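Hello,

Here is the structure we talked about. My notes follow it.

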Amino acid sequence: METTAMGHAEVHDHGHGPTGLKRWLTTTNHKDIGSMYLWFSFAMFIVGGIMALLIRAELFEPGLQFLDPERYNQIVTLHGLIMVFGAIMPAFVGFANWMIPMQIGASDMAFGRLNNWSFWLLIPASLLLVTSLFVPGGAAGVGWTLYPPLSIQMGMGMDLAIFSVHILGISSILGSINIITTILNLRAPGMTMMKMPMFAWTWLITAFLIIAVMPVFAGAVTMLLTDRHFGTSFFSAAGGGDPVLFQHVFWFFGHPEVYIVILPGFGIISQVISAFSRKPLFGYASMVYATASIAVLSFFVWGHHMFTSGMPVTGQLFYMYATMLIAIPTGVKVFNWIATMWRGTLTFETPMLFALGFIFLFTMGGFSGLVLAMTAVDVQMHNTYYVVAHFHYTMVAGALFSAFAAVYYWLPKWTGHMYNEKLGKVHFWLTMAFFNMTFFVQHFLGLAGMPRRIPDYALQFADFNRISSIGAFGLGISQLLFLYIVVSCIKGGPKAAAKPWDGAEGLEWDVPSPAPYHTWEIQPQVK
Amino acid sequence: MSASVSSKNRTLLTRLALFSLLMFGFGYALVPLYKVFCNITGLNAVNLTAAPVNSQVDTGRLVDIEFDSNVHDLPWKFRPLQSHISVHPGEVAQAEFEVVNTRGEPMTGQAIPSYGPREAGEYFKKITCFCFNKQTLAAGESRHMPVVFVVDPALPRDIGTITLSYTFFEVEGNKRAEAKAIPTGS
Ligand code: HEM
Ligand SMILES: [Cu+2]
């Protein structure tokens, strides 16, 4: 099993093609593009992280210390936009680029040049966001949800944010079209849909979600733009528009968006849990159906973000029950992960640790979501730190933890070296401890009534905020260790076998480590 | 990649791109759809259905209002159209009276209210009343006249019944004219 299908691990880099910067600008190779996505995502993770630390520094104690309220709101807005659209989504597109062709036995993505474009669009988009901090009036300070009427009144920073969203949207739509086409058309002979690894499955479903809702978001911000400059009145009440309509359109995109962020993570966790339990995934088919039903249901629950915006009781009841319904397929997944581990031969390498941390903490995020789904409770908690705690348990402990698991899991394949396992574990435990220190106390703050998106707060919230801020700095600094581990793994380390994890399954482990520049030019035959 | 796969890819690309464009349009279609949906289902009528609620009403007790009517030296028939009604203090209520001029010529009168018990008077707030104005009735005319009132919730608890009594007087100026007219007329 340890020997590889392509015996000679010879680096297969043909001398052709440009080198240096030109190589990266023009590359159509899925591995190059995957690496660029991942490095871009990490850079954005650092930028968004610095913003988070600014926020937590300001909230370390009551009163205004570092940021005036306008700046504070701008930082909060950019932090949200950058983390969701700049860090998490590109990270998963990076994994998809690297792994999906290898997993389904394809030589590359379906459209190489399009793939190159999808990546390079991210650069101007992120520059627009970051530089908007320095234009007159500063960046958009409306929150990542961009609600009017404020977003109609903001200065030109808002326009830059809108254009940035347009470009990010185009990038992710192109990326998704590429992924769908690759999966549907380029699978190796014998690789039927129901034999695909979970990561490919969850990405297929995610990609459909993206092409369904990203255009709607692009439409919503375009309407904002024309309301601002071209005299339309979609949302501007002064001209007969309805600001609440924006909320409906935004969340029609926004709720599916949160599943766009988490579904590929579900796929990664499914594979990692199965590899380190040395058992096939329990309930593979039910996993596929659960993912698909989560995706379908996600179109019918957006109202749970709007319980306090004014909605008839019928609507509140509908959205409450529909939201709670999503917990069922999500529960099926958690059940399947646990059943996969049941009587497995478990070992706890870093990817497995992050996967277990994911299951534990993401489930908590799901539960706080259920609490918020109850209309009567949400009226009390909406726009408090309870919501902030909820979505960080799902997005950081969910999406980000699954991304860490993926990096550690596939790093040997990418670099040909084993990373430092001991440091990896330290990274996990630091992240785990500081994550909870930062965000668990925010549940209490929210329950006690501390509103989100404010730079100052009443004195009774001081203690928990202090704990949260200390945790945040710990969490941020711990990620430098991650950078160190990855860089030193690229530079050297014990040689990785083609299949470094004995329980791992999938075609990616049949190619040598590091994966040669071109893989599966002759498609494998899957039995 | 073989040519057939290439063209399959291209077809799929076109379809998916068209679908994205369609969804962009759908974002815009949500604007009219939203209005139509709300109008058909009436779902947005959150604030329209509930009329403003008067929080001043003391629903804990009922006060009986009895109506009484008299005429003083005036050939009119004057009676309440209901003998009594029960109201919560703070609640707006209305009562009606009927007056008929039995004479063959126009006459003018005005009604003067009085209350029993006497101290109820200051808690009895009339919003509109036929007694605010002179009433001129043509020969043989009959008329329905409202009084709209609120009993102040501060009404002492021991008052359970209020009698509202009106007396119609002929307005002075006309009486004199009539007095003059009588000798010539008969
Ligand atoms: C069982 C699953 C889930 C349920 C029942 C749920 C429920 C909710 C509810 C009711 C809210 C609105 C709270 C409010 O604003 O008052 C909310 C907010 C939010 N949820 Fe979830 N959620 C779930 C899973 C997720 C996942 C998987 C993610 C992302 C990976 C996520 C991300 C968010 C975000 C970002 C917000 C806040 C949006 C904002 O106002 O800025 N949720 N969730
Ligand atoms: Cu939602």
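B:Tyr28 has a relative accessible area of 25%, so the residue counts as partly exposed (buried is under 20%, exposed over 50%, partly exposed in between, with a 1.4 Å probe and protein chains only). This is a predicted model, in which local features need pLDDT of at least 70 and side-chain atom pairs count only at pLDDT 80 or more, while totals for chains, interfaces and linings use all residues. Residues are numbered from 1 along each chain as its sequence is written, chains are lettered from A and ligands numbered from 1 in the order in which they are written, and side-chain values use heavy atoms, with hydrogens and water left out.

Aromatic pairs

B:Tyr28 pairs with B:Phe24 in a tilted arrangement, with 5.7 Å between the centres and 55° between the planes. (Rings of Phe, Tyr and Trp, the last by its six-membered ring, pair if their centres lie within 6.5 Å; planes under 30 degrees apart are stacked, over 60 edge-to-face, the rest tilted.) Both residues sit in helix H1 (residues 3-41) of chain B, four residues apart, or about one turn of the helix. (Helices are DSSP runs of H or I with at least four residues, strands are runs of E with at least two, and both are numbered from the N terminus.) B:Phe24 is partly exposed at 29%.

Over all chains the count is 67 aromatic pairs. In one of them, A:Phe217 and A:Phe250, the centres are 5.4 Å apart and the planes at 80°, so the pair is edge-to-face. Both A:Phe217 and A:Phe250 are buried.

Interface

In chain B, 21 residues are in contact (heavy atoms within 4.5 Å) with 30 residues of chain A. On the chain B side, 16 of the touching residues are nonpolar, three polar and two charged (Ala, Val, Leu, Ile, Met, Phe, Trp, Tyr, Cys and Pro count as nonpolar, Asp, Glu, Lys and Arg as charged, the others, Gly among them, as polar).

Salt bridges

The whole structure has 10 salt bridges over all chains. One of them joins A:Asp32 and A:Arg23 at 2.6 Å, N to O; A:Asp32 is buried at 4%, and A:Arg23 is partly exposed at 27%. In chain B, B:Asp58, B:Arg61 and B:Arg157 form a salt-bridge network. B:Arg157 is exposed at 63%, whereas B:Asp58 is buried at 19%.

Regards

Technical notes. Salt bridge = Lys/Arg side-chain N within 4 Å of Asp/Glu carboxyl O.
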